[in-house]
Each structure stands twice: as structure tokens, then as C-alpha cells.
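Subject: Structure handover

Hello,

Here is the structure you will be taking over. Please open it first, then read the notes below.

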Amino acid sequence: MGRKTGEKVKNFCIFVLPGCLVFCIIVIVPFLYGFYLTLTNWDGVRKVKQIVGISNYIAVFQDADFWSSMGLTLKYVIISVILVNVIAFLLAYVLTNGLKGQNFFRAGFFTPNLIGGVVLGFIWQFVFSRVLVNLGASTGWGIFSSSWLSNPNKAFWALIIVTVWQLSGYMMLIYIAGFTGLSADVLEAARIDGATGFQKMKRVILPLMVPSFVICLFFTLSRVFMVYDVNLTLTGGEPYGTTKMVAIYVYEKAFTARNYGVGQAEALILFVIVACISGFQIYLGKKKEVEA
Amino acid sequence: MEQGSKVGGTKAKMLKSSSFIATIIMFLLYMVPFVLVLLNSFKQKRDIITNPFSVIAEKGYSLSNYIKAFEKMEFLKAFGNSLFVTGLSTLLVIALSAMVAYYLTRANNTFSKVLFAVMAASMLIPFQAIMIPLVSIYGAKFHLLNHRLTLVFMHTGFAMSMSAFIYQGFIKSSIPISLEEAAYLDGCNKLQTFFKVVFPLMKPTTATLVILNVLAFWNDYLLPSLVLGKKELYTLPLSTYAFYGTYSADYGVIMAALVLTVIPILVLYLFLQKQIINGVVAGAVKS
């Protein structure tokens, strides 16, 4: 640290102030201002806002569409988090087992993560609405006879498929890092003690992989809960709002329906839910962590 | 693990080879969408509609889709905008977050503890909880939207906490204070010490953060869509989105546009595959 106070102040201004300032005016100030917005009836255009108290929050609790979108999102989150992690874990397990060209496979599975959700959604829109329909017509497979994206039941699963395809490669890499970090001594000891493959997996590998599970669950949860890009370009919430996840819902509430107060109140409720889930999950993970 | 499977009998071997086969099938399924897009980007619309799988196109292959997409989505302009925004934002985040993290880690007083705690907490805030007030403040109040620099500052602000955190972890664990003391005795001031001694030592972390931030900025759609409303300012994801809206029935051209959009990042991946994969894993594990 600087010897004199003057130098200390100067260093503080050079090192901390610029970064701190950008962080505050972009993240902290808007976040706090958001609370104020929820107390007003602003439409995003008018110069004057009226303070309306907690009526926006009451409106949120009466907004049935919001809660059905939230329920849909929860269903989507649970299914895709499970599928992403199971597939990623299995891929990682196979790809640390000495398959020839495993680096090539790893790189390939990861590729979707390099590409923005907007493009991924468009790619799969083509696959679902053209390619698979064509396949259905030429093979007679009824499952593809009409586009999944225009079917209220199947569009949801189309979104799940794309999500799993997009994220599993990323999580696979984290699980691979976990597998590579497993101590060879411990696995050897398990083998000498006569553990079968299944026992070894259940009693030794899985408990030691808990840190990897915590990281992956945290990542998938936060990514999937806030899904926007892929959702927008794959289905746009259609047909009949059957794939409208809560991020799109909040966006439309504020910017399309021009109801900033209610939109922001819903966004804050979203924040509370996400923060609780993440906090709970980290706590659970820390509790279960096993020392190797 | 390899030893375990060697001692196993035929059953274990069967299990292993069947899991390999399953992985290869899975891999092919993962790649099919990319192959289809690439294949059809060279075909005419009628051929695509009759059979998107056919390798032999009746009307032949051509680059005409690419030429049309390249011109109509103003590829070069969008590419330039993306490059400008991503490059400058990354530079700013790296410089600012490294300096903040370094100063606060070394000061280690109440203020730095509070600031790091605030940053950690802020990582839990989803973007959706900030975007509405963000637009209200910088759009309606200060009229700062529709400038690329506004987007640069916003990217920087949102990426600060994660980057500062990862730097802090590295400084705490791997940069010996004795080096800085030596530099101080040699007459360096704090700024010189940082740029000549500390920052070069943080290269691995810097590489990780450059990769994570470049990928995030380059592919971001929601924030740029809120900030940049003018067509001539569009970044690649925005121009792809707008282009799709206009040409959605012209499949060949759309496929060509999608290929064009992903080519820059895939070329980068081809050359820096190892660094990118390591960077992504390191970033995930450390945060």
C-alpha cells in the first residue's frame, strides 16, 4: 500500500474506482431502481410515473398466465436439468475410458456451446419443421407426420431436446475434469477390495464426484431457468403459449404489453426464486461433500 | 479405471464396446443438425423441400445462397460491429477487473470484503431482474441507447463480478507478496508493480477470462437487442435474427446465413480448441 494517505487515495482511484463505478452503475443502481419501478404504474413512455404502492405485486399474484408460465418453466427446468446431467455424466464416463479419438469426440460434443442460442434455435427450427416432416412423409413414421413445433404437446419436448443437445457437452467437460481428478489410489483400493464395477460406481466414484455435480447443477439450473434465446428462435412461445418460458413472459409483460411495474415485480419474484434454489443447492452440496 | 476394465472378463469387454458404440451413435446424432445446415446451404429451395437429406441436388450446388445472404444481412458490417463490441468489452473487463481484484485482495480490509460480498451476491441476480430498469434509466432518462459504446459499458459491468472473482482466487493462491515487495524496493510504484510484475504472472487466468468473456459477448442476443435498435449497429446475432424474419421462407439463403454466422467462432475453435476447452472448464470450476 502507498506510504502516505495521498498515495493511497491515488492508487485507490486508479485501481478500484473505474471498475467499481462501471459495476455499480450497470448492475447495482438498476437493481435498486427496479424496486422503485415496481411501486409505479409506468408504461415506459410517459414522463410522469405515479406511485401505486404494492398494487403491482397484487397484480402479479392475480396474473394466472404468469404463474402458469412459471409452472411450465419449473417442469422444463426439472426435466432438462436431469437429462442434461445424466447424459453429460455418461458421456464423460465413456470418454475417460480410453476410447480412440476421445479428444475429437469431446470437442464435437462441446461445439453447440460455442454458438449463440439464436442460431441454435434457427438450426433446430429447420430440423423440426422441414427435415423431420420430410422424413415422416417419406418413411411413413407417424411421429413426424406434422411439425413438432406446431403441436402443443410436442413443441415442449422439442425445446427440451434442443436444450439437452446444447448444454450436455458443456457439463460433460466438467464431469470429465472430475473423473480425471479422481485419485487412482482410491480406485485401485476399491478394486483390490473386490468391488464390482457397479459397487465401485455407487460407493466410490459417485460420492467423490459430488463437487462436480454441484458445479454442473448450479450451471444448468441458472442457464435453463433463464432460457431466452433458444426459446425465442425455436418456438417463440408458440403454439398457443405452450412453450412460453418465464423469461419471455417477463420480457413481453414489460416491453410488449408496456407494463413496466408489473413486469419488474415479476422479474424480482423470479430473482428470489432463483436465488433460493441456488442457495439451497450450494448448501446441500457443501453438506454432502466428501473428503477424498 | 483402465486397469479395472482390463481385468474384467468378456462381460466387461462387451459392456465397454457397446458403450463406445452408443457414444458414436450419440455423436452422429449431435452432429446431424450441423451437417444438414451445411449441406442445404448450397442447395436451391426446391431441392431442399423435396429432400433435405439428398446429397445429390437436382438443381446442382451453388454459392448463390451465400452471396445473397452475405449482401442482404450486411455481413461485413454486422461482423465489424460484433468485433468492435466484443473486443473493446473484453479489453475493458480484463483491465478493470484485474486491477480491482488485485488492489482489494492486497488491501484486504473491511471495504474490500464488503465489495467482494456484494459482487458475489450480484452473480445470483438474473439478467431479467435488471433489464427493465436498465432500459428505463439509460433509455428513457439519459437517451444513451443506440450507441455501441453503451453496449460495451453494459457488457463490462455485467462481467465484472465473475472476472474479479476468478482473478482474486488466483492472486490469493499463486502470486507471492515477496515479489511485489521486491519490485517496491527496486523503486516501482503500485501501478508499475501491477503491470510489470503481477499482470504478466496472471496470464493463465487472463486467457481463461478472455475466452469466457469473448464467447459470452459474441453470442449475446438479449442485451444487444435492448440497446441497439438501429440496423447499422446490429451485431451478428441481431442481424441473423432480423434476416431470418425477412427471409424465413427462403431456406437455402437462411442456411447460408446461419453458416456465415457461425464460421468466425468455429474457425477460432479450430485453432484454439485446447485453450477454449481448458478455459471453459477452469472458469466453471473456479466460479
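**Where the chains meet**

Chain B puts 70 residues into the contact between the chains, and chain A puts in 72. On the side of chain B that touches chain A, helix α14 (residues 251-286) of chain B has the largest share, at 13 residues. That side of chain B holds 51 nonpolar, 16 polar and three charged residues. Please keep in mind that this is a predicted model.

**A helix pair across the chains**

One pair to look at joins helix α6 (residues 117-139) of chain A with helix α13 (residues 236-247) of chain B. Their axes come within 9 Å and cross at roughly 30°. Angles under 35 degrees count as roughly parallel. That makes α6(A) and α13(B) roughly parallel.

Which residues meet here? From α6(A) they are A:Val118, A:Val119 and A:Phe122. From α13(B) they are B:Pro237, B:Thr240, B:Tyr241 and B:Tyr244. By class, the contact of α6(A) with α13(B) has six nonpolar residues, one polar and no charged.

**Chain A**

Chain A has 13 helices and zero strands. From the N terminus on, its elements run α-α-α-α-α-α-α-α-α-α-α-α-α. Along the principal axes, the C-alpha trace of chain A spans about 75 × 75 × 30 Å. The radius of gyration of chain A is 24 Å, whereas a compact globule of 292 residues would have one near 19 Å.

**A helix pair inside chain A**

Next, look at helix α7 (residues 154-181) and helix α10 (residues 210-225), both of chain A. Their axes come within 9 Å and cross at roughly 160°. Angles over 145 degrees count as roughly antiparallel. α7(A) and α10(A) are therefore roughly antiparallel to each other. The crossing of α7(A) past α10(A) is right-handed.

Here are the residues of that contact:

- On α7(A): A:Thr163, A:Leu167, A:Met171, A:Ile174, A:Tyr175 and A:Gly178.
- On α10(A): A:Pro211, A:Ser212, A:Ile215, A:Cys216, A:Phe219, A:Thr220, A:Arg223 and A:Val224.

The contact of α7(A) with α10(A) comprises nine nonpolar residues, four polar and one charged.

**Chain B**

Chain B has 14 helices and zero strands. Along the sequence, the pattern of chain B is α-α-α-α-α-α-α-α-α-α-α-α-α-α. How spread out is chain B? Its radius of gyration is 25 Å, well over the 19 Å that the globule rule gives for 287 residues, so chain B is more spread out than a compact globule. The C-alpha atoms of chain B fill a box of roughly 75 × 70 × 35 Å along the principal axes.

**The two domains of chain B**

Chain B divides into domain 1 (2-65) and domain 2 (68-286). The C-alpha centres of these domains of chain B lie 34 Å apart. Domain 1 of chain B gives 10 residues to the contact, and domain 2 of chain B gives 10 residues.

Which helices supply the side of domain 1 of chain B that touches domain 2 of chain B? α2 (10-40), α3 (45-50) and α4 (64-72) of chain B each supply at least two residues. α2(B) gives the most to that side, with three residues. By class, the side of domain 1 of chain B that touches domain 2 of chain B has three nonpolar, five polar and two charged residues.

Best wishes

Key: Residues are numbered from 1 along each chain as its sequence is written. Chains are lettered from A and ligands numbered from 1 in the order in which they are written. This is a predicted model: local features need pLDDT of at least 70, side-chain atom pairs count only at pLDDT 80 or more; totals for chains, interfaces and linings use all residues. Axes are lines fitted to C-alpha atoms, for helices over the stretch in contact, and angles run from 0 to 180 degrees between N-to-C directions. Helices (H or I, at least four residues) and strands (E, at least two) are DSSP runs, numbered from the N terminus. Angles under 35 degrees count as roughly parallel, over 145 as roughly antiparallel, 65 to 115 as roughly perpendicular and the rest as oblique. A crossing is left-handed if the near helix is turned anticlockwise from the far one by less than a right angle, and right-handed if clockwise. Two residues are in contact if their C-beta atoms, placed from the backbone, lie within 7 Å. Ala, Val, Leu, Ile, Met, Phe, Trp, Tyr, Cys and Pro count as nonpolar, Asp, Glu, Lys and Arg as charged, and the others, Gly among them, as polar. Domain bounds come from an automatic or database domain assignment. The radius of gyration is taken over C-alpha atoms; the globule rule is 2.2 Å times the number of residues to the power 0.38.
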